[in-house]
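Thank you all for making the time.

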Amino acid sequence: MSRTDSARQPAGLAGGARAFGAGRSLRHAVKVLPEHARAHNRSLVLQNLFHHGAMSRADLSRETGLTRVTISDLVAELISDGYVAERGVREASGPGKPAILVDLDREGHRIVGLDLSGTDRFLGAVLTLDGDIVARHGVAAPSDPLDIVDAVVSLARTLVADAHAPVLGIGVGSPGVVDERGVVLTAPNFGWRDVDLAGALTSALALPVLVANDANAAVLAEYTFGGAADDVMLVRVGRGVGSGLLSGGQPMAGSRHAAGEIGHVTVGTDGGPRCVCGKVGCLEAWLSVPAIEERLATAGADRTAILQDAGERLGIALAPIVGALDLSEIVLSGPAELLDGPLAEATVETLRSRTLAEFHDGVRVRMTEHGEDIVLRGAAVMVLSGRLGVS
């Protein structure tokens with residue numbers, strides 16, 4: 001979808017959408033049931049209010065194409081549910097009764113976001129519905145994989161206690177391949193396989209929980225809060241390397257939930273360091289933060305050459321993806337002191353030399369402006385999309 005149409009085409013249905021990859025099917029196999037249509041219309045109203053701010057019921061009717069009777073009914077229901085509030089009357093500009101404005105009750109709920117992608121700490125935040133962070137907490141990442149879930153649950157419990165408002169849901173960005181149920185199918189850096197992270201958090205806190213790969217969460221933040229293009233790939237570099245993809249404004253998850261798993265693609269034919277997955281020469285073994293820092297710490301290391309080499313290998317991995325999907329933008333997320341400069345420049349040069357210049361010379365490679373908050377804010381978008389149909 002285009003950015004112009006984003007307010008008219010919600011990413012998911014309120015209360016039942018997947019956190020990532022809930023794009024429209026090209027071939028409809030079942031009819032739309034009345035309860036699904038109502039959920040769609042609810043999210044349509046919320047989406048417009050989220051992006052445009054306070055509006056009258058008549059404004060909402062015009063923007064959504066729904067009848068005024070339907071809008072009045074939906075707004076009354078959303079006010080009763082605590083998601084929408086009346087905000088006074090619009091200043092009169094002519095004869096007639098001034099219109100009453102309604103808006104999201106942006107202070108009525110909070111969202112808890114968790115980022116498990118750090119090399120040595122797990123980050124957490126309490127966020128408003130607008131993605132603003134109002135409280136932060138963190139915890140050291142346990143070295144023993146058996147202790148990680150307990151640490152995550154403890155951090156989430158601390159954040160919920162600090163929310164000071166009803167919590168709409170908990171969003172988690174985790175390394176690894178994550179399915180739609182919030183089960184981490186594999187996370188080599190944690191030693192995890194088939195860990196039901198969403199189930200553990202739901203059981204402990206009795207709140208809705210959405211879990212996604214950290215890069216998939218990050219690309220949602222870049223799209224919703226960062227103005228990214230409809231065709232964008234975000235490369236997340238931290239403890240590992242992963243990416244999140246949007247094509248036509250729709251998330252791409254893949255049939256096995258592993259779209260964007262570029263970290264374990266072998267780059268080059270010159271061998272290289274052994275990866276945590278057991279293979280030799282994976283992109284992650286060249287590009288992850290620990291891998292780069294280890295090479296930079298070597299006596300006599302040439303910093304520029306090391307960063308350029310990492311950037312070239314990233315470009316090698318990205319070039320076929322750019323060519324296949326016709327991407328217009330690559331966003332890098334991770335330590336700016338490592339990624340910005342020689343590494344990003346080498347990535348751009350490699351992309352230019354390995355794709356069709358006529359079409360891909362203009363591919364933009366840039367750093368995210370969200371810094372270390374990008375996964376936390378992406379976790380908030382996951383909850384907004386999954387619970388309210390807003391993105």
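Predicted model: local features only at pLDDT ≥ 70, side-chain atom pairs only at ≥ 80, totals over all residues.

**A walk through the model**

Let me begin with strands S1 and S3, which pair in the antiparallel sense over 2 bridges; two strands are said to pair if DSSP finds at least two bridges between them. Strands here are DSSP runs of E with at least two residues, helices are runs of H or I with at least four residues, and both are numbered from the N terminus. Residues are numbered from 1 along each chain as its sequence is written, and side-chain values use heavy atoms, with hydrogens and water left out.

Within that pair, Met55 has Val102 of S3 as its bridge partner. The two strands belong to an open sheet of 3 strands in the order S1-S3-S2, with antiparallel pairing, and its edge strands are S1 (55-56) and S2, each of which pairs on one side only. Helix H1 lies across S1, S2 and S3 and runs at about 90° to S3; angles are taken from 0 to 180 degrees between N-to-C directions, with axes fitted as lines to C-alpha atoms, for helices over the stretch in contact, and contact means heavy atoms within 4.5 Å.

H1 also packs against H2, at an angle of about 110° and with the axes 10 Å apart. That makes H1 roughly perpendicular to H2, a label that covers 65 to 115 degrees, whereas under 35 counts as roughly parallel, over 145 as roughly antiparallel and the rest as oblique. Leu44, Val45, Asn48 and Leu49 of H1 make this contact with Leu60, Glu63 and Thr64 of H2.

Next comes helix H3, residues 68-81, whose 14 residues reach 20 Å from the first C-alpha to the last, close to the 20 Å expected at 1.5 Å a residue; the expected span is 1.5 Å times one less than the number of residues. Which residues of H3 are buried? They are Ile71, Leu74, Val75 and Leu78, where buried means under 20% relative accessible area, exposed means over 50%, and partly exposed lies in between, with a 1.4 Å probe and protein chains only. Seen down the axis of H3, these buried residues fall within an arc of 100°, so they line one face of the helix; the arc is that of the directions from the helix axis to the C-beta atoms. An α-helix has 3.6 residues a turn, so residues three or four places apart point the same way. On the other side of H3, Val69 and Ser80 are exposed. The cover over the buried residues of H3 includes helices H1 (34-52) and H2 (57-64) as well as strands S2 (84-89) and S3 (100-104). After H3 comes Gly82, with a positive phi near 90°.

Strands S4 (110-115) and S5 (121-127) run antiparallel and are joined by 5 bridges, and Asp115 has Leu123 in S5 as its bridge partner.

Val126 and Ala380 are 254 residues apart in sequence and 9.1 Å apart in space, C-alpha to C-alpha.

**Two loop residues**

I finish with His257, which sits in the loop between strand S14 (250-251) and helix H7 (283-287), has a positive phi near 65° although it is not a glycine, and counts as partly exposed at 23% relative accessibility. Asp326, in the loop between helix H9 (303-325) and strand S15 (329-333), likewise has a positive phi, near 55°, in a residue other than glycine.
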